[in-house]
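Here are a few exercises to work through with the model open. Try each task before you read its solution.

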Amino acid sequence: MPFPWLSWLIFFPLMGAVLIAFMPPDAERLIRRWATTVAVAEFAFSLPLWWRFVPGGPAFQFVEQRSWLPGLGATYHVGVDGIAVLLVLLTTLITALAVIGSATAVHKRPREYYALLLALETGMLGTFLTLDLLLFYFFWEAMLIPMYLLIGVWGGPRRVYAAVKFFLYTLAGSVLMLVAILWLYNLNRAVTGVPSFDLESFYRLTIPPATQVWLFLAFAFAFAIKVPMFPFHTWLPDAHVEAPTAGSVILAAILLKMGTFGFIRYAIPLFPVASHLFTPWIVGLALVGIVYGALVAMVQPDLKKLVAYSSVSHLGFCMLGLYAMNAQGFAGSMLQMINHGITAGALFLLVGVVYERRHTRLISDFGGLWKPLPVYAVVFLVVMLASIGLPGTNGFVGEFLVLLGAFRAHAWWAAVAATGVILSACYMLWMFQRVMFGPVTHPENEKLSDLTFRERLVFAPLVLLIFWLGVYPQPFLDRMQPALDRTLLMARERSEVATGMAGAVSSATGAAGATTRPAPRPVVAAAPGAPAAATEPVR
Amino acid sequence: MIPGVVPQPQFLAVDWWALGPLIALTVGILGLLMMEFLPGRSKSARSAVVSLLVLAVSAYCVYHVRMDRRSLFEGMFLHDGMTVFFTLLFLGTAAIGVLLSWDYVKRTHIDHSEYYALILSATMGMIVMAASNDLITIFLGLELMSLALYVLVGFRRNQLESNEAALKYFLLGAFASGFLLYGIALLYGATGTTNIGRMAQYLADSPATSNPLLIAGALLVVIGLAFKVSAVPFHMWTPDAYQGAPTPVTAFMSAGAKAAGFAALLRIALLVLANTHAHWDVALSWIAVITMTIGNVTALFQSNVKRMLAYSSIAHAGYILVAVVAGGTEGAGAALFYLAVYSFMNLGAFGVLSLLGRDGDERVLVSDLAGLGFKQPALALAMSLFMVSLGGIPPTAGFMGKVYVFGVALRAGLVPLVIVGVLNSVVSVFYYLRITVAMYMEEPRGETVPVSWALPSAVALAISATLTVWWGLQAHTLLEQARNAVQGLL
């Protein structure tokens, strides 16, 4: 039996957390060192996935499947594809940075704090890696608990409100998804006679379009809250502003990606017909989110809130790219998820740096920070430009691909979305100008110390990634491309099967579709931008 | 009348093993009452140990013949999978109740041997209820259980609220018994038998299932049992009784009495009501919906944790009713699974509360829990675990219970009921979170609440917590047992 790589990856942080729980509560240095060691080791553990994952190989690699609940048919089934592999690496990296970054920020109850951070990592990795829907839901919800406590115990003044709101919002969205999962389970059991929550066997189901609509809505609601899409985003600013820095970083960089990841992995391939049916709505909300998020970000007096609303805007791009339903859109969206993880994570860390020194996040309390904090300002500049999407940084590649995909679907989608790019330049540059340039307006700010060695260490990999992805994104695209193509192809074929069945004219197609699986043909990875013959938009 | 289904009289060949649990409990009860006359100081510890031994002997007896299926006393008493499952559940519940009481009764100066004798009597009543195949036996068991519980609820006799609780519980309980008895009489009139099996046979054979006598009788029986499981609108006694009773008693009755009520309801519902299916589905569905909703919404506004958990237990009765409505062996299996899971998480939650405060004073307001999280990490962790589980959030048993119940209900096509159920669980999470908010995110006003640790209570909590986690991660062990228990029930 091969080494259970993914299980180690998932449960190693949890083991670390359990060990921390047995340490004396006031041994802060010991706890911090241990947590850092675990988080960094975890990142190191995850790195081989980058090399050993074969992009053109089987859909899911490093697969492990064990019996979990035999009576119910749920299995412990994990595996990684080109989409998850990048998100897993992002998760381990960001968590490690968040743990290192918390060293000076958190002195209150360090034992519980670091234990929860590591437990959260287990939850996040589990959510990305599982291939069994019950297990997925298990991780998806269990993950809420550590995040809830992180916000509620170590957060700002309105932390309790924000924590409870975060928990209830997400839960309210996901319980209906549980109903939908159970529905799929029963359907699968009725068709195949085997009780199973296995994703791949759900992929083989032919779901009537009318049913798809309801199931899709249940899934989409859960994911849309997590993304968050426009009318469901109100938990986000509260949670972000109140959470401790590490919490905000993880929330923005990883938890939000679970929403978009959910769409790619579950909602779109499982319910392609409904997905297609709701495309105008989702694109509409994504566009509103892009513009609205940017406009609201512009008027925020609080740095953290500004970044929070900019997340709403950027995640709108991700959703737009997905629902363009073509190769460029998918690739752009996926890339944008990684980008946002890097830049939003970095921005929250940057805000955390000044907050630690000044205990305020109001833009008006700063001004002229470039003079006392030159290194900080340069890092901030790079990250900010990446967030705007300046060519040469990662943001450009992602946004460009999304816009390209959107343009191929509907020109005016891209036109509206492009205003978001402009607006993001407005609020970011304006914020940067008020915070960094000009004379030092507050005398307290003159004495601020620049980034410490530890902080530079935290930002170095992020800045490196910003340029790497900006200049040479091909390794990333190579890894995700086959998985994205497969998803698109599966969506299209399943959509044909389902509508064929509904049409009742081609009953033969329907019968064939019910029993045989549309085999995922190996699709040659098309370079984005080049005419992708294999992946026309789903029509 | 109906050939072949009447078992032969077996008065001479008594099945000692199948009756073993009841015999052991009876002997134990008498022994405990006698022990009051023995000299010695530490009465509570002595009685508690004896009770635990009796429960263990009882459990051994039923475990010894777990594979057998027999019918005793002319079919009034059944020994089948369900009997075994529920007997073990009740014995476990009682054991946790005894462990929690051990220190509590000493602390609050109510350590009389009757206390444990009454707990064992109530347990015996529950077992009789679950093992009944006859309405008369169900009534016997119900009365045995209820009378013992009325006394136990009022056991803190110099506390006004305890007296009030006992009186209220007794009055309403007496009404419920009246309803049940009246319903039994009407059913007897309609079908000519009180035996559930024969009644089902009669209903299956006769086309006249819309006989008003039958409908009225069944309705009254359901009402009588709905009282015991505290389903809305027959739940009024629950918060008062739960609040006034000594906390370990609350823990015991919230788990045991509810499970016993459901055991009897399942026996009747699956056989008798199944033949008049259409009516009952609708009626029970509505009861389930309002039970879940009113329980959860009212719980939102409680500042006393005991009362809050009382309303939460009402809401959980609603979830279990969903499984009952789903019906069939699958539904029954889900109900059994949920009851077992619910029993231990609820025992744990009340168990934590029973530790709070010194001597007679109970500190069970939500605000009393403030700051407990970091002062008493183990206790707070246990409480959070039980709250998370009651809220149905993984990785706990409560989540698996919900998955199973709602999965079965979906299979039975009860989509609206399931949607109401899951939305209710979101509402419920709000008040369960309030407990964790108080424990971890609020500072206490003044001193943190004192905690009266004792080894037996700690053991009880550890068992409950372990089961709650274990059944959350490895639900199938319990699932198999619940499924096997209801095999051949229909």
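**Exercise 1.** Work out what share of chain B is buried, and whether its radius of gyration agrees or disagrees with a compact globule.

Solution. Start with burial: 62% of the 490 residues in chain B are buried (20 or more other C-beta atoms, placed from the backbone, within 10 Å of the residue's own). This is a predicted model, where local features need pLDDT of at least 70 and side-chain atom pairs pLDDT 80 or more, while totals for chains, interfaces and linings use all residues. Residues are numbered from 1 along each chain as its sequence is written, with chains lettered from A and ligands numbered from 1 in the order written.

Next, take the globule rule, 2.2 Å times the number of residues to the power 0.38, with the radius taken over C-alpha atoms. For 490 residues a compact globule would come out near 23 Å, so the 21 Å of chain B agrees.

**Exercise 2.** Find how α5(A) and α7(A) pack, and which residues make the contact.

Solution. First the geometry: the axes lie 11 Å apart at about 170 degrees (lines fitted to C-alpha atoms over the stretch in contact, angles from 0 to 180 degrees between N-to-C directions; helices are DSSP runs of H or I, at least four residues, numbered from the N terminus). Therefore α5(A) is roughly antiparallel to α7(A) (over 145 degrees).

Then the residues: α5(A) brings L133(A), L134(A), Y137(A), W140(A) and E141(A), and α7(A) brings S174(A), L178(A) and I181(A). Contact here means C-beta atoms, placed from the backbone, within 7 Å.

Conventions:
Buried ≥ 20, exposed ≤ 12 C-beta atoms within 10 Å, placed from the backbone. Helix = DSSP H or I, 4+ residues; strand = E, 2+ residues; numbered from the N terminus. Parallel < 35°, antiparallel > 145°, perpendicular 65-115°, else oblique. Contact = placed C-beta atoms within 7 Å.
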